[in-house]
Amino acid sequence: MSYLSDAFTWLNDPLNWKGPDGVTARLVEHLEITGLAVLLGAVLALPLGVWLGHAGRGGTLTVALTNASRAVPTLAALTILVVATGDLGNAPTIYALALFAAPPMLANAYVGVRGVDRDVVEAARGMGLSGLQTLLRVELPLALPLLMAGIRTAVVQVLATAPLAAYVGGGGLGRLIRSGFSTQDYGQTLAVALLVAALALAAEGLLAAAQWAVTPGRSLAARRPRPVELSDPVPARP
Amino acid sequence: MALSSAAQNPWVDWGYVRDNRDTILTALEQHVTLTLTTVVIGTLIALPLAVVARRWRWLRGPVIGTAGVLYTIPSLALFSLLAPWTGIGARTVLIGLVMYALLLLVRNVLAGLDGVPDEVREAARGMGYGPVRMLLVVELPIALPAVMTGIRLATVSTVALVTVGVVVGYGALGGLIVSGFDNNFYKAQIFTATALCVLLALLLDLLLQLATRLLVPWARGRAAA
């Protein structure tokens, strides 16, 4: 288990945390990249998904996009965007990650709004609510848990994919994993890999709690695993 | 990074494909082998796990939970965590990929077994079927559509994931993508490898779809949906 103790020694060295290539700076960069990518993806996907769900069309499009996004390797999308733009900074990384953050949010927003009980929508209409009022006061609040689930999937997926950017010139924690590999400093690689894994698990846990908090009539029964369908917004694990 | 405008560097270049046929085919073969091995091993592990989790209900939570946690670990991190012990190469990639495939497979096998109607079980029991025969002859065939869906999902996502194996020196087509990047932004190599990845995923999915039709003809209507 000497690698593990190497990893802890590496983490305990304050020098590894400081400076432009230190853990702190790379972690902040990692979170910035993730935040911007998810934000950009959300701005594109959430309004579109909500509108498609409200209008009750575009189901085929949503499924097709979700499935197609599963087949494209993130590494390939990252590489192609960097090469196409010729930009070795973080911008192409953010665009590529936004492309992968969008499908789960789109699919969940669509399914969430579409899945609202038709009787409830009819009742709202019957009470004289306009289309927009129905959307804002009835459909959106009821779809909130699924919207949240989409955001959760997107955040965890982007956090998990961002390290790959280090292989095409991007920053973030992946940089430190890669440099550990190239200098055969497995202690460093292991230490940063542990940090990245902990980050993803923490984000998953926090956002799961947030999702639970916005779920009306929450119960444990709802957590029973159900079959994964092809149209489900299951993230392609990056 | 300005590339010399004089040098031709197209995304699609048959010359590249012709000159590097052997390299491309080797990478493709590695990709296919890794994907198929992952799905086969994953299925062989997932089936008994799901059966066990069904028989002893209290195991259901831990089994699904563990698979979920494994699925959450970023691939670059997972490969890096495994590498010091399992080495640089195909074995590490395979172990990591199987870990990811488990969640999709176990969940769908379990859901498929859950979907077997109780009357059917009762009838089979009445006909004198023991637990093993019941599982093989009655339960698994009924669960097959859900199982096949899980296998299709796992296959497509594995094809995409194999590329990440490049971080431990064994990424098959992913290796071509990254070396194309390192080698002065060689667009033809990057594009060819990417296109092959996507085509492979689509082809395998299509084959599995056909296999599903042959194996579960009674679910044809549902499979098409």
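Hi everyone, let's start with where the two chains meet: the contact takes 48 residues from chain B and 49 residues from chain A. Please keep in mind that this is a predicted model.

How much area do chain B and chain A bury between them? About 4,300 Å², with 79% of it on carbon and sulfur atoms. On the chain B side, three residues supply more of the buried area than any other three: Thr72(B), Leu76(B) and Phe181(B), which together give 13% of what chain B buries against chain A.

Which helices of chain B supply at least two residues each to the side that touches chain A? They are α3 (60-72), α4 (75-86), α5 (90-114), α7 (131-162), α8 (173-182) and α9 (187-215). The largest share comes from α4(B), with eight residues. Sorted by class, the side of chain B that touches chain A has 33 nonpolar residues, eight polar and seven charged.

Let me finish with one residue in chain A, Glu29(A). You'll find Glu29(A) in helix α2, which covers residues 23-55 of chain A. Is Glu29(A) buried or exposed? Glu29(A) counts as buried because its relative accessible area is 18%, and the cut-off is under 20%. Its side chain makes a polar contact with the side chain of Arg26(A), at 2.7 Å. Setting aside neighbours within four places in sequence, Glu29(A) is in contact with Asn90(A), Gly171(A) and Gly172(A).

Notes:
Residues are numbered from 1 along each chain as its sequence is written. Chains are lettered from A and ligands numbered from 1 in the order in which they are written. This is a predicted model: local features need pLDDT of at least 70, side-chain atom pairs count only at pLDDT 80 or more; totals for chains, interfaces and linings use all residues. Side-chain values use heavy atoms; hydrogens and water are left out. Helices (H or I, at least four residues) and strands (E, at least two) are DSSP runs, numbered from the N terminus. Buried means under 20% relative accessible area, exposed over 50%, partly exposed in between (1.4 Å probe, protein chains only). A polar contact is a pair of N or O atoms within 3.5 Å; within protein, one must be able to donate a hydrogen and the other to accept it, and residues adjacent in sequence count only if both atoms are side-chain atoms. Contact means heavy atoms within 4.5 Å. Buried area is the accessible area (1.4 Å probe) that two parts lose on being put together, summed over both. Ala, Val, Leu, Ile, Met, Phe, Trp, Tyr, Cys and Pro count as nonpolar, Asp, Glu, Lys and Arg as charged, and the others, Gly among them, as polar.
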